[in-house]
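Colleague: I am new to this structure and would like to learn how to read it. Could we begin with the whole and then go to single residues?

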Amino acid sequence: MKRINIAIDGPSGAGKSTAAKAIADELGIICLDTGAMYRAAGLKALRLGVDPCDAENALRIMADTDVDIIYCDGVQHIMLDGEDVTDKIRTQEVAQAASDISKIPEVRIKLAAAQRAFAQKYDVVMDGREIGTFVLPNAEYKFFVTASVEERARRRYLELERKGALDGKSYDDIKAQIETRDYNDSTREFAPLRCADDAVVIDTTNMDEAQVCAAIIDAVRAKG
């Protein structure tokens, strides 16, 4: 039986994760947040005091690391060595660690294998940086969701402000962090962030969540 695999790539803060969740709900399929898996790996490095840029030591800890995703009542939970870390991976520090550790090819290979296995078993929407180019290159539906860095920084700043999690960071601080992550993601040698040749590009700078979701769902349904 042919699986429905929808690949959504794009930079941080473009709205791809929000769109992926809404699309999965609309189509009645699973949304797999691949970025959360890298955040879990980054969290492991931070907890052990390992520089996520240090490939040798990062690989050493990853050898004994188990990152998995489970669903409870339809809600995705990120498990790190059996611990639910869903609420512990959404900090800027962990996001940066995820970006750094994800540059290590062996880390990406290990987590990508788990993601492919998941997509073979389930109909899935998967969002990340290189889903359509590396993880699921044969996915029938591919999208590249992007937005200006200014808009992405604004969204992230407001999100952290609502959560009371700014920790003294200014808009300019958030923008600089996003620019650093963009650079890291797009310039890494192995499986960098880029738009697949056959992906539909959606610029969300002037779009709300509903418009982004509608654009992707309409494209999926039009293709059949």
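Modeller: Start with the secondary structure: the protein has 9 helices and 8 strands. Its radius of gyration is 17 Å, close to the 17 Å that the globule rule gives for 224 residues, so the protein is as compact as a globular protein of that length. Keep in mind that this is a predicted model.

Colleague: What does the C-alpha trace span along its principal axes?

Modeller: The spans are about 50 × 40 × 35 Å. As for the surface, the protein exposes about 10800 Å², and carbon and sulfur atoms supply 50% of that area.

Colleague: How much of the protein is made up of buried residues?

Modeller: A residue counts as buried when its relative accessible area is under 20%. Buried residues make up 47% of the 224 residues here.

Colleague: And how should I read contacts along the chain?

Modeller: Look at how far apart in sequence the partners are. Of the contacts between residues at least 6 apart in sequence, 75% join residues at least 24 apart.

Colleague: How far apart are the mean positions of the positive and negative charges?

Modeller: For the 30 positive and 39 negative charges, the mean positions are 2 Å apart.

Colleague: Now a single residue. Where is A24 placed, and is A24 buried or exposed?

Modeller: A24 sits in helix α1, which covers residues 16–27. Its relative accessibility is 2%, so A24 counts as buried. Next, ask what surrounds the residue: beyond its neighbours within four places in sequence, A24 is in contact with I29, I30, C31 and V125.

Colleague: Which side chains make a polar contact with the side chain of Q92?

Modeller: For polar contacts, read the partner and the distance together. The Q92 side chain makes one with the side chain of R156 at 2.8 Å, and another with the side chain of Q177, also at 2.8 Å. Q92 belongs to helix α4, residues 92–101. With 15% relative accessibility, Q92 counts as buried. Apart from residues up to four places away in sequence, Q92 touches R156, L160, K169 and Q177.

Colleague: Why does R3 count as partly exposed?

Modeller: R3 has a relative accessibility of 32%, so it counts as partly exposed. R3 is found in the segment before β1. A polar atom of its side chain lies 3.0 Å from the backbone oxygen of K121. Leaving out neighbours within four places in sequence, R3 is in contact with A119, Q120, K121, Y122 and D123. The C-alpha atoms of R3 and V124 are 8.0 Å apart, although the two residues are 121 residues apart along the chain.

Colleague: What does the side chain of N5 reach, and in which strand does N5 lie?

Modeller: N5 lies in strand β1, and its side chain reaches the backbone oxygen of A119 at 3.4 Å. A119 is also one of the residues in contact with R3. N5 has a relative accessible area of 14% and is therefore buried. Not counting residues up to four places away in sequence, N5 touches A119, Y122, V124, L136, A139, E140 and Y141.

Conventions. Residues are numbered from 1 along each chain as its sequence is written. This is a predicted model: local features need pLDDT of at least 70, side-chain atom pairs count only at pLDDT 80 or more; totals for chains, interfaces and linings use all residues. Side-chain values use heavy atoms; hydrogens and water are left out. Helices (H or I, at least four residues) and strands (E, at least two) are DSSP runs, numbered from the N terminus. Buried means under 20% relative accessible area, exposed over 50%, partly exposed in between (1.4 Å probe, protein chains only). Contact means heavy atoms within 4.5 Å. A polar contact is a pair of N or O atoms within 3.5 Å; within protein, one must be able to donate a hydrogen and the other to accept it, and residues adjacent in sequence count only if both atoms are side-chain atoms. The radius of gyration is taken over C-alpha atoms; the globule rule is 2.2 Å times the number of residues to the power 0.38. Accessible areas come from the Shrake-Rupley method with a 1.4 Å probe; for residues, only the protein chains shown count as cover. Lys and Arg count as positive and Asp and Glu as negative; His and the chain ends are not counted. The place of a charge is taken as NZ of Lys, CZ of Arg, CG of Asp or CD of Glu.
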